[in-house]
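Colleague: I would like to learn how to read the helix packing and the aromatic contacts in a model. Could we go through one case together?

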Amino acid sequence: MSSSQIGVVFEDFFPAMVEKLGTEGFMKELCNGFRLLMDGERGVITFESLKKNSALLGLQDMSDEEVVCMLREGDLDGDGALNEMEFCTLMFRLSPALMMDSKNLLVEAIVNL
(Lines give C-alpha, C1' and ligand atoms only; values in the text may rest on other atoms or scores of the structure.)
Protein backbone atom coordinates (compact mmCIF):
# COMPACT_ATOMS: atom_id res chain seq x y z
CA MET A 1 0.00 0.00 0.00
CA SER A 2 1.53 3.33 -1.02
CA SER A 3 0.95 6.54 0.87
CA SER A 4 -1.52 7.61 -1.81
CA GLN A 5 -3.56 4.51 -1.01
CA ILE A 6 -3.31 5.28 2.70
CA GLY A 7 -4.48 8.83 1.92
CA VAL A 8 -7.74 7.53 0.48
CA VAL A 9 -8.72 6.53 4.00
CA PHE A 10 -8.36 10.10 5.24
CA GLU A 11 -8.96 12.48 2.38
CA ASP A 12 -12.75 12.14 2.34
CA PHE A 13 -13.05 12.86 6.06
CA PHE A 14 -10.59 15.67 6.74
CA PRO A 15 -12.23 18.48 4.72
CA ALA A 16 -15.60 17.65 6.29
CA MET A 17 -13.99 17.65 9.74
CA VAL A 18 -12.46 21.07 9.11
CA GLU A 19 -15.80 22.39 7.94
CA LYS A 20 -17.59 20.99 10.99
CA LEU A 21 -14.96 21.69 13.67
CA GLY A 22 -13.23 24.76 12.28
CA THR A 23 -9.47 24.98 11.98
CA GLU A 24 -8.76 25.06 15.71
CA GLY A 25 -11.07 22.13 16.45
CA PHE A 26 -9.60 20.12 13.61
CA MET A 27 -6.04 20.72 14.82
CA LYS A 28 -7.09 19.60 18.32
CA GLU A 29 -8.49 16.39 16.81
CA LEU A 30 -5.22 15.79 14.95
CA CYS A 31 -3.35 16.23 18.24
CA ASN A 32 -5.73 13.78 19.91
CA GLY A 33 -5.06 11.30 17.10
CA PHE A 34 -1.35 11.72 17.64
CA ARG A 35 -1.70 10.99 21.36
CA LEU A 36 -3.72 7.85 20.61
CA LEU A 37 -0.97 6.50 18.36
CA MET A 38 2.14 7.61 20.22
CA ASP A 39 4.40 5.61 22.48
CA GLY A 40 3.50 7.01 25.90
CA GLU A 41 7.04 6.70 27.22
CA ARG A 42 8.83 8.29 24.25
CA GLY A 43 6.16 10.85 23.26
CA VAL A 44 6.46 9.97 19.56
CA ILE A 45 4.82 7.53 17.16
CA THR A 46 7.12 4.56 16.71
CA PHE A 47 6.83 1.48 14.54
CA GLU A 48 5.68 -0.48 17.59
CA SER A 49 3.11 2.08 18.76
CA LEU A 50 1.69 2.52 15.25
CA LYS A 51 1.47 -1.23 14.74
CA LYS A 52 -0.15 -1.69 18.17
CA ASN A 53 -2.67 1.15 17.74
CA SER A 54 -3.33 1.02 13.99
CA ALA A 55 -6.77 -0.54 14.55
CA LEU A 56 -7.86 2.82 16.01
CA LEU A 57 -7.52 4.18 12.46
CA GLY A 58 -9.07 1.13 10.83
CA LEU A 59 -5.63 0.15 9.53
CA GLN A 60 -5.14 -3.06 11.48
CA ASP A 61 -4.41 -4.95 8.25
CA MET A 62 -1.33 -2.86 7.41
CA SER A 63 1.75 -4.97 6.85
CA ASP A 64 5.01 -4.22 8.64
CA GLU A 65 6.36 -2.86 5.35
CA GLU A 66 3.40 -0.48 4.99
CA VAL A 67 3.86 0.78 8.56
CA VAL A 68 7.57 1.39 7.89
CA CYS A 69 6.72 3.24 4.64
CA MET A 70 4.22 5.45 6.45
CA LEU A 71 6.75 6.29 9.15
CA ARG A 72 9.48 6.97 6.58
CA GLU A 73 7.24 9.29 4.58
CA GLY A 74 6.42 11.39 7.63
CA ASP A 75 9.80 11.24 9.40
CA LEU A 76 11.28 14.63 8.54
CA ASP A 77 14.16 14.59 11.03
CA GLY A 78 15.29 11.02 10.32
CA ASP A 79 14.94 9.68 13.85
CA GLY A 80 12.71 6.76 12.80
CA ALA A 81 9.64 8.07 14.62
CA LEU A 82 6.99 10.76 14.15
CA ASN A 83 6.73 13.69 16.52
CA GLU A 84 3.48 15.64 16.68
CA MET A 85 4.48 18.14 14.00
CA GLU A 86 5.59 15.38 11.62
CA PHE A 87 2.34 13.49 12.20
CA CYS A 88 0.19 16.55 11.48
CA THR A 89 2.25 17.36 8.39
CA LEU A 90 1.86 13.80 7.13
CA MET A 91 -1.92 13.88 7.69
CA PHE A 92 -2.16 17.09 5.65
CA ARG A 93 -0.03 15.57 2.89
CA LEU A 94 -2.29 12.52 2.76
CA SER A 95 -5.32 14.73 2.10
CA PRO A 96 -5.08 16.52 -1.27
CA ALA A 97 -8.11 18.66 -0.46
CA LEU A 98 -6.47 19.94 2.72
CA MET A 99 -3.24 20.65 0.87
CA MET A 100 -5.15 22.87 -1.55
CA ASP A 101 -6.81 24.70 1.37
CA SER A 102 -3.73 24.79 3.62
CA LYS A 103 -2.99 28.49 3.03
CA ASN A 104 -6.53 29.44 4.03
CA LEU A 105 -6.37 27.16 7.08
CA LEU A 106 -3.06 28.71 8.15
CA VAL A 107 -4.44 32.23 7.82
CA GLU A 108 -7.54 31.27 9.81
CA ALA A 109 -5.41 29.66 12.54
CA ILE A 110 -3.18 32.76 12.81
CA VAL A 111 -6.16 35.11 12.94
CA ASN A 112 -7.68 33.04 15.77
CA LEU A 113 -4.51 33.12 17.92
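This is a predicted model: local features need pLDDT of at least 70, side-chain atom pairs count only at pLDDT 80 or more; totals for chains, interfaces and linings use all residues.

Colleague: What share of the residues in the chain is buried?

Modeller: Buried means under 20% relative accessible area, exposed over 50%, and partly exposed in between (1.4 Å probe, protein chains only). Of the 113 residues in the chain, 35% are buried. As for contact, the term means heavy atoms within 4.5 Å. Among contacts between residues at least 6 apart in sequence, 49% join residues at least 24 apart.

Colleague: At what angle do α2 and α5 pack?

Modeller: Axes are lines fitted to C-alpha atoms, for helices over the stretch in contact, and angles run from 0 to 180 degrees between N-to-C directions. Angles under 35 degrees count as roughly parallel, over 145 as roughly antiparallel, 65 to 115 as roughly perpendicular and the rest as oblique. Helix α2 (residues 14–37) and helix α5 (residues 84–93) pack at about 140°, with their axes 10 Å apart. That makes α2 oblique to α5.

Colleague: Which residues of α2 and α5 meet?

Modeller: On the α2 side, the residues include Phe26, Leu30, Phe34 and Leu37, and on the α5 side they include Phe87, Cys88 and Met91. The contact of α2 with α5 divides into 11 nonpolar, one polar and two charged residues. In this classing, Ala, Val, Leu, Ile, Met, Phe, Trp, Tyr, Cys and Pro count as nonpolar, Asp, Glu, Lys and Arg as charged, and the others, Gly among them, as polar.

Colleague: How is α4 placed against α5?

Modeller: The axes of helix α4 (residues 64–74) and α5 come within 9 Å and cross at roughly 105°. The two helices are therefore roughly perpendicular to each other. Met70, Glu73 and Gly74 in α4 meet Glu86, Leu90, Met91 and Arg93 in α5. That contact has three nonpolar, one polar and three charged residues.

Colleague: How is an aromatic pair described?

Modeller: By the distance of the ring centres and the angle of the planes. Rings of Phe, Tyr and Trp (its six-membered ring) pair if their centres lie within 6.5 Å; planes under 30 degrees apart count as stacked, over 60 as edge-to-face and the rest as tilted. A search of the whole structure finds one aromatic pair. The ring centres of Phe34 and Phe87 are 5.9 Å apart and the planes lie at 50°, so the pair is tilted. Because Phe34 lies in helix α2 and Phe87 in helix α5, the pair ties together parts that are 53 residues apart in sequence.

Colleague: Are Phe34 and Phe87 buried or exposed?

Modeller: Both Phe34 and Phe87 are buried. By contrast, Glu48 in helix α3 (residues 47–53) is exposed, with a relative accessible area of 53%. Val68, in helix α4, is partly exposed at 28%.

How values were computed
Residues are numbered from 1 along each chain as its sequence is written. Side-chain values use heavy atoms; hydrogens and water are left out. Helices (H or I, at least four residues) and strands (E, at least two) are DSSP runs, numbered from the N terminus.
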